[in-house]
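This report describes selected features of one protein model. Please keep the sequence and the structure in view while reading.

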Amino acid sequence: MRLLVVEKDETLNDLITKALHESKYKTDEAFNVKDAMYFLDIRHYDLVIIDTNFGLSEVFKFIDYAKDLYPFIKIVVISDDPSIETEIKVLKMGADDFIRKPLNFDLLITRVNVALRSGKESHIKIKDLVIIKDEEKIIYKDKESFLKGKAFEVFTYLARYPNQVISKEQLLDAIWEEPELVTPNVIEVAINQIRQKVDKVFKIDTIKTIRRRGYKFSYPKE
């Protein structure tokens, strides 16, 4: 899993990042909202930590952008604002959690863990196609097929973001623990396995190749 820390205070950004690294999370750091949005465009994140010190309007704009791009992304907002009203506003705008400063880093890590755990759905249902994550099984109408390992993870990842183009680099970064140690060709192998184990078996088309850009989950057809 990869997390993004959006914090203008360099010292606090470093402290949050260090705490996340100690908990075995991969992170990137942004010091302004514009850079944070850029990171979202080029890389998938499971969770973002963002400070209200950018101003609530900027935070709300970021939440809208992130949730529109990645509906399942988790957003934890940190703030030195003591008011309940601000917490309510932030949560109503789509944040998944609100934590006040000064930060207790053990609490922060615990809340991050909880937010990520709550985002792990057991299955994905798209029309009459059902993906059972724990069993690495796909069901379509009265048939079922099994897709194992990284191919299943690629299929599941793409299915979570239907009709969005996902690059090979984004898939590598999201699924492989050490993406820098593998080549993009492993994505092509996974896509081929999906087409053999899912599309061919069920006689449907689920993954569309977008030349020079990546892949998108296209079932059912737009």
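In this predicted model, four strands form an open sheet in the order S6-S7-S8-S9, with antiparallel pairing. Strands S6 (123–126) and S9 (143–146) are the edge strands, since each of them pairs on one side only. On average, neighbouring strands of this sheet are turned by 15° against each other, direction ignored.

One pairing may be followed in detail. Strand S8 (residues 137–140) runs antiparallel to S9 and is joined to S9 by four bridges. Within this pair, lysine 137 stands opposite phenylalanine 146 in S9.

Two helices accompany the sheet. Helix H6 (residues 149–160) packs on the sheet and touches S6, strand S7 (129–132) and S8. Helix H8 (residues 185–202) lies across S7, S8 and S9. The table lists the direction of each helix relative to a strand.

| Helix | Strand | Angle between directions |
|---|---|---|
| H6 (residues 149–160) | S7 (129–132) | about 125° |
| H8 (residues 185–202) | S9 | about 170° |

Helix H6 also takes part in the largest pocket, to whose lining H6 gives the largest share, five residues. This pocket holds about 630 Å³ of space. Its lining consists of 24 residues, and the closest to the pocket centre are Met1, Asp46, Lys133, Arg160 and Ala174. The elements that give two or more residues to the lining are helix H5 (105–118), H6 and helix H7 (168–175).

Aspartate 51 lies in strand S3 (residues 47–51). For Asp51, an unreviewed UniProt entry lists "modified residue: 4-aspartylphosphate". Is aspartate 51 buried or exposed? Aspartate 51 has a relative accessible area of 0% and therefore counts as buried, the cut-off for buried being under 20%. Not counting residues up to four places away in sequence, aspartate 51 touches Val6, Glu7, Leu12, Val59, Ile78, Ser79 and Lys101.

Aspartate 68 is found in helix H3 (residues 56–69). Its relative accessibility is 64%, so aspartate 68 counts as exposed, a class that requires over 50%. Along the chain, aspartate 68 and valine 5 are 63 residues apart, and their C-alpha atoms are separated by 19 Å.

Conventions
Residues numbered from 1 in each chain as written. Predicted model: local features only at pLDDT ≥ 70, side-chain atom pairs only at ≥ 80, totals over all residues. Heavy atoms only, no water. Pairing = 2+ DSSP bridges. Axes fitted to C-alpha atoms, helices over the stretch in contact; angles between N-to-C directions. Contact = heavy atoms within 4.5 Å. UniProt positions renumbered as here; feature names shortened; annotations may be inferred. Buried < 20%, exposed > 50% of the residue type's maximum accessible area, 1.4 Å probe, protein only. 1 Å grid on protein atoms, 1.4 Å probe; cavity = no way out; pocket = protein on both sides within 12 Å on 5 of 7 lines; lining within 4 Å. Points joined across faces, edges and corners; volume = space filled by probe spheres on them.
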